[in-house]
Amino acid sequence: AAAAAVGVQAQDFPSKDKTITIVVPYAAGGPTDRVARDLAEAMRKPLGGVSVVIDNSAGAGSTIGTAKVARAAPDGYTLLLNHVSMATMPTMYRKLAFNVANDFEYLGIINDVPMTLIARPSMAANNYKDLSAWIAQNKGKINLGNAGQGSASHLCGLMYQSALQVDMTPVPYKGTAPAITDLIGGQIDLLCDQTTNTTSQIEGKKVKAYAVTTAKRLTTPALKDLPTLAESGLKDFSVTIWHGLYAPKGTPAPVLKKLNDALKAALKDPDFIKKEEGLGAVVATDARVEPAEHKKFVLSETEKFGAVIKAAGSYAD
Ligand code: MLT
């Protein structure tokens, strides 16, 4: 009877009188939240107009929100939107309440988002060369914001400190929305954050921007003059933040198919694409939105960033 009940539920998924919740494991107003809200908007129509809401369950570098979805009912009504943290947590945390490979169904990659190295508005340096001189002169006194152990900003920060061989004091927040607020207020000195959060602040001259973390310069008008860290002397420095969508393990196949179809439709939605590209992000194409590809990619990124984190050693604070 239970299997039959699940069968019926799967067939009429999503039912009109229910709500689909996308759990975002970072604070509202940050880059992960931004992608989630835009995606929820774009998925509503392909899911027959069902309501799709965001639940910000932030903290502990996304492990709190991720664990919440790992133990949620596998009925398609609770999903997780997370990014590269899915590939860093297995190395960053000795004890996790979930297994990234086995406790989730993979629904597809959403986008790739570049990062920018930014500073408080009072920073005197006006280019990357002067910023690196300032860093060299202020060793031991630099506060570097992040969104918790294993977050994208934390990963970028440890890669940056390791490349410079400079220790900075990590200042963790529940997301880079509160982190960038403190940067604008001058409470912290530096932050490596995603363009989906920093583009408007850079355009509004609320922060000072010095470089991008991608292998190639960006074309977004507000960011196109920023050098890459690679061309600024940090050979081969490159990090891009991909976001993916997940359901709890055991969600019925017909439900997963409907969710994956709706995700693919959303990623082709011109409004969604326009919003993403306006913030420097690149929307994933169908190949990367295949669940098997998504899972294979996350597992290979877990290997890659595992080695990066171990090489960064003590900088992983
Ligand atoms: C991160 O640093 O992982 C994200 O930018 C956090 C967030 O989305 O707030």
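## Basis of the model

Residues are numbered from 1 along each chain as its sequence is written, and side-chain values use heavy atoms, with hydrogens and water left out. Because the model is predicted, local features need pLDDT of at least 70 and side-chain atom pairs count only at pLDDT 80 or more, while totals for chains, interfaces and linings use all residues.

## Contacts with the ligand

Among the 13 residues around the ligand, those that come nearest are Thr32, His83, Ala152, Ser153 and Thr176, where a residue is near if one of its heavy atoms lies within 4 Å. By type, this shell holds four nonpolar residues, eight polar ones and one charged.

Polar contacts are pairs of N or O atoms within 3.5 Å. A polar backbone atom of Ala152 lies 2.7 Å from an oxygen atom of the ligand, a backbone N or O atom of Thr176 is 2.8 Å from a ligand oxygen atom, and a polar side-chain atom of Asp193 is 3.4 Å from an oxygen atom of the ligand. Of the 270 Å² of accessible area (Shrake-Rupley method, 1.4 Å probe) that the ligand has on its own, the protein covers 100%.

## The cavity

The ligand takes up the space of the largest cavity, a cavity being a set of points on a 1 Å grid over the protein atoms alone where a 1.4 Å probe fits but cannot get out. About 90 Å³ of space lies in this largest cavity, and its lining is made of 15 residues, with Pro31, His83, Ala147, Thr176 and Gln194 nearest its centre.

Terms used:
Polar contact = N/O pair within 3.5 Å; in protein donor to acceptor, adjacent residues only side chain to side chain. 1 Å grid on protein atoms, 1.4 Å probe; cavity = no way out; pocket = protein on both sides within 12 Å on 5 of 7 lines; lining within 4 Å. Sits in = over half its atoms within 2 Å of the grid points. Nonpolar A, V, L, I, M, F, W, Y, C, P; charged D, E, K, R; others polar. Points joined across faces, edges and corners; volume = space filled by probe spheres on them.
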